[in-house]
Amino acid sequence: MPVLGKKRSASDKSASNGSSSPSAYQERSASRPVHNSAMASGPVHCTLAPMENEFLLLPTNVITEVIDYAPPLAVHGSPQWFLGHIDWQNRQVPVFSYAALISGNEPAMVTAKTRIMIVKSLSDSARIPYLGIVISDIPRLVSVEMDEVLHTGDERKSLGVFCHI
């Protein structure tokens with residue numbers, strides 16, 4: 001389950017039932033809702049990828065590769081969050097700024113640490129089997145306890161936000 005999070009402030013930590021999560025991040029899902037069967041299955045091994053001022057949490061099995069940033073070939077008339085396509089393993093892979101997509105802001109400036117994380121499409125699309133997500137640094141491995149997942153209550157799933165951790 002992809003999850004998006006922001007660093008918590010000190011007031012956020014104290015307001016969270018007196019306990020702060022080990023990672024000290026407030027996280028929001030950006031994919032499918034958590035099903036009850038997943039709740040009982042224990043920790044999920046994930047990759048935490050930094051993006052501007054936020055983090056994207058993805059199951060490790062959807063991440064194919066993290067590559068150095070290469071400027072994508074722009075597509076005229078596309079939204080600002082869609083950066084274009086790159087050639088990866090003889091495939092045209094669409095690259096986008098997920099942080100810009102959900103925030104509505106312009107994509108962050110590219111730095112020496114910027115990377116593109118190649119992920120498997122969650123739709124199992126043969127037409128677009130891989131996506132490139134711009135991240136601001138090298139991701140790290142983490143585990144998430146499923147009993148820490150809270151639904152947002154947003155039935156419309158605005159901007160793909162389903163849950164908080």
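Buried means under 20% relative accessible area, exposed over 50%, and partly exposed in between (1.4 Å probe, protein chains only). Strands (E, at least two residues) are DSSP runs, numbered from the N terminus.

This is a predicted model, in which local features need pLDDT of at least 70, side-chain atom pairs count only at pLDDT 80 or more, and totals for chains, interfaces and linings use all residues. Residues are numbered from 1 along each chain as its sequence is written, and side-chain values use heavy atoms, with hydrogens and water left out.

**Exercise 1.** Determine how strand β4 is placed and paired.

*Solution.* Step 1: six of the six residues of β4 (residues 54–59) are buried, so the strand is largely enclosed by the rest of the structure. Step 2: β4 pairs with strand β3 (residues 43–51) in the antiparallel sense, over six bridges; pairing requires at least two DSSP bridges between two strands. Step 3: Glu54 in β4 has Met51 opposite. Step 4: two residues lie between the strands of this hairpin, and Glu52 takes a positive phi near 50 degrees.

**Exercise 2.** Describe the surroundings of Arg115.

*Solution.* Step 1: Arg115 belongs to strand β8 (residues 115–120). Step 2: its relative accessibility is 16%, so Arg115 counts as buried. Step 3: the side chain of Arg115 reaches the backbone oxygen of Lys113 at 3.2 Å, and one of its polar atoms lies 3.3 Å from the backbone oxygen of Ala112. Step 4: beyond neighbours within four places in sequence, Arg115 is in contact (heavy atoms within 4.5 Å) with residues including Val66, Asp68, Tyr69, Ile133 and Asp137.

Conventions. Helix = DSSP H or I, 4+ residues; strand = E, 2+ residues; numbered from the N terminus. Polar contact = N/O pair within 3.5 Å; in protein donor to acceptor, adjacent residues only side chain to side chain.
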